[in-house]
Amino acid sequence: MADTSKRGFASMDDDKQREIASKGGQAAHEKGTAHEFTSEEAREAGHKGGEAVSQDREHMAEIGREGGKKSHSGGRSQDSDDADSEEKGTQGGTPEQHADAGRQSHKSK
């Protein structure tokens, strides 16, 4: 770690921090004071996370490359357990990503 101090939570290694944080979370659940998300809060948090991730263009480009590799692999993947989505011909990605790809594919027409 960059911190030269030998004191405090932040100077501990990641495993030790996780161990201590886990104990705190378990204690809060046992005591009944732990925060539990409502469906609405969880939806909102997921939306914010999706917005933040989509701002990283290089990350989104990598997602697209991986999706392209999978969609052009020539058939069903051997390690997939999700036969339903393969039978229906669905691809990965959000509806927004599909809409963007559709708009881009029509630019040259």
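**Group meeting: a first look at this chain**

Okay, so the secondary structure of this protein chain is five helices and zero strands, where helices (H or I, at least four residues) and strands (E, at least two) are DSSP runs, numbered from the N terminus. Going along the sequence, you read α-α-α-α-α.

Some housekeeping: this is a predicted model, in which local features need pLDDT of at least 70, side-chain atom pairs count only at pLDDT 80 or more, and totals for chains, interfaces and linings use all residues. Residues are numbered from 1 along each chain as its sequence is written, and side-chain values use heavy atoms, leaving out hydrogens and water.

How confident is the predictor? The mean pLDDT (confidence in each residue, from 0 to 100) is 78 for the chain, with 74% of residues at 70 or more. Helix 1 has the highest confidence, a mean of 90, and helix 4 (residues 83–87) the lowest, at 46. Over residues 80–87 the pLDDT is below 50, and beyond near neighbours in sequence this stretch has six contacts in the model, a contact being heavy atoms within 4.5 Å.

At its start, a side-chain oxygen of D13 comes to within 3.1 Å of the backbone nitrogen of D15. Just after the helix, G32 has a positive phi of about 90°.

Lastly, 2% of the 109 residues count as buried (under 20% relative accessible area, 1.4 Å probe, protein chains only).

How values were computed. Buried < 20%, exposed > 50% of the residue type's maximum accessible area, 1.4 Å probe, protein only. Polar contact = N/O pair within 3.5 Å; in protein donor to acceptor, adjacent residues only side chain to side chain. pLDDT = per-residue confidence, 0-100.
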